[in-house]
Amino acid sequence: MKKIVITIDGPAGSGKGRIAKYIAKKYNFIHIDSGLLYRKTAKLLIENKINLNKLDQIKQTLIKNNNFSLRNNNNLRNEHIGKISSIIAKINFVRIHVNKQQIFHTKQKTKKKGFVIDGRDIGSVVFKNADLKLFIEVNPAVRAKRRHKQLIDLGEKSIYAEILKEIKLRDKQDIIRKNSPLVVPKGAHIIDNSNSFRKTLIKINQLIGQIK
Ligand code: C5P
């Protein structure tokens with residue numbers, strides 16, 4: 001039977017990961033967090049001390065390491081790796097590498113009913129023919145507040161004003177980049193997740209109920 005594909009795009013800290021996890025659990029789907037794959041790529045390049053201006057070095061390292069698991073790892077969620085991920089995400093070769101991995105994971109045999117994939121370009125580039133496309137919006141100040149709390153809960157140092165600055169910079173980098181910029185994908189439903197998460201979920205469940 002054909003598996004359902006749901007894509008969730010949106011800026012950093014919009015809550016798309018939380019929404020994707022909810023959908024995966026409720027509907028018995030596999031969750032592919034594409035941001036995590038960028039973060040794993042960034043970590044690999046950092047660990048191998050790769051000069052990010054040397055495309056050849058990046059290519060060689062990624063060709064040798066082309067099978068990242070989907071397993072989450074909290075030490076990937078820090079600001080440094082986030083920053084480097086955002087820089088390497090501008091490189092077309094890196095994007096193709098991460099896209100291939102997402103597609104690879106959707107081709108694996110599974111008893112799950114479908115896939116929910118979240119990121120910045122999932123509905124616009126990687127899975128253009130998805131059954132349902134969502135775009136999550138939240139204003140930057142609310143996102144910075146949430147991210148600040150998340151970091152404090154993880155035991156990391158965090159200054160709200162710096163987080164807000166970082167979020168705005170990250171948005172800018174994602175929106176203005178030439179390769180796969182953050183856009184509302186064609187046919188996507190825009191969901192405002194600034195207020196009640198419960199209301200967001202009601203809306204999403206309605207949309208999933210309409211998938212044919
Ligand atoms: O979502 P997360 O913050 O974990 O993603 C890390 C970085 O990877 C983002 O800042 C973004 O620049 C990049 N990214 C991307 N395309 C995706 C997912 C993430 O460019 N589909």
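Which element provides the largest share of the lining of the largest pocket? That is α7, with 6 residues. This is a predicted model, in which local features need pLDDT of at least 70 and side-chain atom pairs count only at pLDDT 80 or more, while totals for chains, interfaces and linings use all residues. Residues are numbered from 1 along each chain as its sequence is written, and side-chain values use heavy atoms, with hydrogens and water left out.

**Largest pocket**
- The largest pocket holds about 1,000 Å³ of space; a pocket here is an open set of points on a 1 Å grid over the protein atoms alone where a 1.4 Å probe fits, with protein on both sides within 12 Å along at least five of seven lines.
- Its lining (residues with an atom within 4 Å of a point) counts 42 residues, and Ala12, Gly13, Lys16, Arg77 and Gln150 are the closest to the centre.
- Two or more lining residues come from each of α1 (16-27), α2 (34-47), α4 (79-88), β3 (114-119), α7 (140-153) and α8 (160-176); helices (H or I, at least four residues) and strands (E, at least two) are DSSP runs, numbered from the N terminus.
- By class, this lining has 20 charged, 15 polar and 7 nonpolar residues, with Gly counted as polar.

**Second largest pocket**
- The second largest pocket has a volume of about 190 Å³, the space filled by probe spheres set on the points.
- Among its lining residues are Leu62, Ile63, Phe93, His97 and Phe104.
- α5 (92-107) and α3 (55-64) each supply at least two of the lining residues, and α5 gives the most, with 6.
- The lining divides into 5 nonpolar, 4 polar and 1 charged.
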